[in-house]
Amino acid sequence: MTVDEGDVRTTSERGGPARSDARRTHARAHVVLPAYNEAASLPPLLRRLAEVALTEQLTAWVVDDGSSDGTDEIAKAGWPGLDVRLVSHPVNLGLGQAVQSGLRAVLAEAAQEDVVVVMDADDTHDPELIRVLRGEIAAGADVVICSRFVDGGDDATAPPLRRLLSRGAAVLFRRVLRVDGVRDFTSGFRAYRVSLLARAAGHWGERLIEERGFACMVELLLKLRHCRPVVAEVPLTLRYDRKQGPSKIRIARTVGQYLKLLARDRLAPAPYRAL
């Protein structure tokens, strides 16, 4: 099958195409892992996810964003006890499009009661939190953010410039955007109700995520706020000490993306109908 930026390819440990199970009675967690050259970090992360899958219904969707280090081969090989799917970009399109492709692939299969979790593929996020995220969704939240900025959260292992960017962005967005329940706007570890994402995708379509870089996480949150979701945050201890290889974030470029996103949000009209 030929794959381009408009298509996705899926594989699983069971083999064959991904199928929807209309008889599903328990919500499944679909974990979207945007990955660009994460061949070193992906195996330990898949092992941790497999441990969670012992007690949780879980599917891991690895979105290979044009990697050159064999990330796609690791995803194809899968991991014992874990349902692993592969979504492929033939070239690098950026984090935003990787998240977009992952969400699109999940929404094509998931049941309305399912949960989508987006987390980094560099093994800095603890999959054990997936249980906590599902608990918050079951308790009534529509979006749950793993936050570094609530009691119990910690990002001490991150580089100083990365911490400065995260904190500066958090202060700016809280003052300008005032989205109820959100302190950590830029966290890449979140859970969403499938039904919420489906409503938003039905309105915005391919424009659900337009940012290519790290600002995509803020953009998605800003668009979802028009659906008036219940947002909760849980503490996140970032494990940057487990990261293999250099960071892919470019500080100056990301700051520019954040400012551009804020300007666009101020100018863009709200949806013409209730979502």
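**Reading the labels in a predicted model**

Guide: The protein averages a pLDDT of 85, and 85% of the residues score at least 70; pLDDT is the predictor's confidence in each residue, from 0 to 100. This is a predicted model, in which local features need pLDDT of at least 70, side-chain atom pairs count only at pLDDT 80 or more, and totals for chains, interfaces and linings use all residues. Residues are numbered from 1 along each chain as its sequence is written, and side-chain values use heavy atoms, with hydrogens and water left out.

Visitor: Why is Ala60 called buried?

Guide: Buried means under 20% relative accessible area, exposed over 50%, and partly exposed in between (1.4 Å probe, protein chains only). Ala60 has 0% relative accessibility and therefore counts as buried. Ala60 lies in strand β2, residues 58-65; strands (E, at least two residues) and helices (H or I, at least four) are DSSP runs, numbered from the N terminus.

Visitor: Which residues does Ala60 touch, not counting residues up to four places away in sequence?

Guide: They are Val31, Leu33, Leu49, Leu82, Asp83, Val84 and Arg85, where contact means heavy atoms within 4.5 Å.

Visitor: What makes Arg134 buried?

Guide: Its relative accessibility is 16%, so Arg134 counts as buried. Arg134 belongs to helix α4, residues 129-138. Beyond its neighbours within four places in sequence, Arg134 contacts Ala27, Arg28, Ala29, Glu56 and Gln57.

Visitor: Why is Val255 called partly exposed?

Guide: Val255, in helix α8, has a relative accessible area of 33%, so Val255 is partly exposed.
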